[in-house]
Amino acid sequence: MNSSASSCSGTGPLPSLNLLLVDDDVVTRRTLRKVLEEWGHCVTEAASGPEALALLNRNESFHAIITDWMMAGMTGLDLCRWVRASQQFRDLYLVVMTSQAAEQHIEALKAGADAFMTKAYDNSELSLILRVPQRILRLESRLQEELNKAEQANDELKKKNQEVDEARARAERATKAKDTFLANISHEIRTPMVGIIGMSKLLLDDPQLSVSTHESIRVIHQSSMDLLDIINKVLDYSKIASSKMEPNLKAFRLRPMLERTLAPIKGLAIQKKIPVGIHVPNSLHDHWNDTDPAFVRQILINLIGNALKFTRSGYVLVQVQEWGNGLKFLVEDTGSGIPQEAQTRIFEEFSQVEQSFAKPVEGTGLGLTISAQLASILKGWLKLTRSDSTGSIFELFIPAEKESGEESGEWMSLQLREGESTSLVPLFGKLLDEDYLNSDSPRILTLEGDTAKLSDGETERDFQGTFVSWKFHHALEQMESGELPQAAKPCGKKLRILLAEDNPINGQIISMSLGRHGFDIHWVRNGDDAVACFKESSFDLVLMDLQMPGLNGIEACELIRRHEADNSLPRKPVVALTARTQSDDLRERLDGLMTDYLIKPVPTNELIAKIEVLTEQTTHE
């Protein structure tokens with residue numbers, strides 16, 4: 001039924017109907033019509049079945065048909081059958097009237113009628129019969145209202161979804177633009193910084209400098225390193241905030257990882273004269289898997305660096321334990337502590353501890369935020385467990401699995417002889433594993449000021465600045481075997497290295513730095529020349545800048561690999577050099593093409609270590 005077709009308004013609680021009244025008796029029609037209209041219904045008359053059909057075809061708004069049974073030509077039952085067979089009108093409510101006995105109503109119902117009434121009806125009977133289509137009409141009206149509301153809500157939802165999609169698209173464009181900007185600005189800032197850091201480092205190695213000049217250059221070098229650290233933290237925070245920092249879960253060795261962790265901290269520790277130690281129980285497993293050691297190392301560097309900044313005297317100690325299904329690191333310092341009111345916000349972005357009567361600590365206020373988020377990415381946690389006037393302790397837990405591997409030998413036992421007024425005594429009291437001390441051992445550790453001396457009665461070796469407990473044990477092993485630690489050197493032969501770098505300052509620094517360490521460097525300034533030189537001469541390794549005029553680093557490497565494949569040549573190591581730390585797909589783009597990559601500015605010792613590892617691997621392949 002179509003409720004919108006009725007143009008009449010009823011006066012009662014039930015709606016009015018649009019009725020088609022069919023009867024060949026005019027008196028009956030008019031009498032019945034008068035009653036129905038008094039009740040508020042709209043009535044259309046038809047004198048026969050064919051006329052009724054004609055009216056139906058012209059007007060589709062009828063809610064019900066009241067028809068006489070006995071009519072000439074087409075009976076009321078014939079009309080009922082036709083209506084029920086029609087696709088268009090088969091749901092109309094049908095009432096059959098007759099002057100015959102009421103027992104005939106079964107036949108009428110079989111013909112499709114919904115109700116049956118005699119012509120000798122009273123008004124109450126007719127009212128009750130019409131109540132059914134009225135209720136149906138009311139239900140249809142309510143249903144239509146609900147459908148309209150649902151359609152309106154659906155339209156609003158579509159509009160909201162469209163707005164959300166547009167907002168998401170704008171956000172994605174903004175994020176992409178931000179990432180592109182950060183990648184570009186990172187590259188643009190790092191390029192001149194490579195020159196500052198590299199040249200200042202080369203000058204610091206010059207023994208002919210005066211003391212004052214050396215100190216001035218040291219300040220320049222340290223300031224540029226501090227600036228680089230700020231840039232790295234801002235870029236790391238941006239990547240974490242964009243959910244684009246994914247862990248690289250792999251196997252690693254705990255002790256070498258911790259030793260590398262102290263490398264970037266050593267300068268600050270020596271400058272502040274704060275000893276730093278890492279204590280690892282001799283019984284603790286060394287081989288681990290299923291975590292990202294680079295993330296762990298970065299967290300520890302941030303924690304140790306923060307501890308050094310806030311510590312004026314005493315020490316910084318890192319203790320490592322096996323805990324649950326992973327590793328727990330306790331980073332303890334003897335600094336001034338964190339005020340109680342500041343402890344709840346130290347992991348917030350850009351938050352620093354404000355000290356009213358102290359000089360503000362430099363930095364972005366992102367170190368702890370990044371560390372906590374990196375720990376969360378690794379499904380671990382970072383928290384402050386203690387902070388008072390005697391210092392602070394941060395606790396880091398990282399899930400990891402033990403990995404089978406050859407363990408290092410037991411650490412040698414040590415005796416500790418305390419010197420006078422040494423700042424190292426309280427630290428070494430915690431570093432040395434008491435379970436492995438041996439009073440009968442002739443090996444003696446003597447602390448004099450900021451220097452620790454190891455001696456076995458014949459050979460003596462000094463350690464100064466930063467300290468790792470297992471290094472002393474390892475040094476004793478070397479002394480026992482008659483060996484002393486040696487500085488890193490290139491392999492036996494003079495390695496030939498092809499350097500492709502378009503920036504003249506970067507190229508000069510890398511050439512001079514590697515040349516001083518005995519490498520034979522051939523420097524070209526674009527990708528085309530790099531490919532041509534590689535084809536004409538033999539090199540042990542290629543250092544390839546990614547951004548160069550003409551052929552970029554990736555395109556040049558593709559041609560080099562094609563040349564090797566076409567001529568059945570062994571693949572030479574190719575190390576990408578890039579300042580673009582924001583390139584999320586960098587590793588994927590380089591996989592299968594370049595051997596490895598380094599982020600500029602690359603410390604000389606790190607670059608040399610990478611060269612030695614890769615050329616040694618090539619030699620044994």
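Analyst: The account below begins with the whole protein and then turns to the aromatic rings.

The model is predicted, so local features are reported at pLDDT of at least 70 and side-chain atom pairs at pLDDT 80 or more, while totals for chains, interfaces and linings use all residues. Residues are numbered from 1 along each chain as its sequence is written, and side-chain values use heavy atoms, with hydrogens and water left out.

The protein contains 17 helices and 22 strands; these are DSSP runs, numbered from the N terminus, with helices (H or I) of at least four residues and strands (E) of at least two. Of its 621 residues, 44% are buried, where buried means under 20% relative accessible area, exposed over 50% and partly exposed in between, using a 1.4 Å probe and protein chains only.

A search of the whole structure finds 5 aromatic pairs. Rings of Phe, Tyr and Trp (its six-membered ring) pair if their centres lie within 6.5 Å; planes under 30 degrees apart count as stacked, over 60 as edge-to-face and the rest as tilted. One of these pairs joins W323 and W381: the ring centres are 5.8 Å apart and the planes stand at 85°, so the arrangement is edge-to-face. W323 belongs to strand β9 (residues 316-323) and W381 to strand β11 (residues 381-388), so this pair ties together parts that are 58 residues apart in sequence. W323 is partly exposed, with 38% relative accessibility, and W381 is also partly exposed, at 27%.

W323 has a further partner in F397: their ring centres lie 5.2 Å apart with planes at 70°, so this pair is edge-to-face as well. The contact links distant parts of the chain, because W323 is in strand β9 and F397 in strand β12 (residues 391-399), 74 residues apart. F397 is buried, its relative accessible area being 6%. Through these ring pairs, W323, W381 and F397 form a cluster.

Aromatic rings also take part in arrangements with charged side chains. A charge sits over a ring if NZ of Lys or CZ of Arg is within 6 Å of the ring centre and within 35 degrees of the ring normal. R496 lies over the face of F539, 4.6 Å from the ring centre. Likewise, the charged end of R525 is placed over the ring of W523, at 3.8 Å from its centre.
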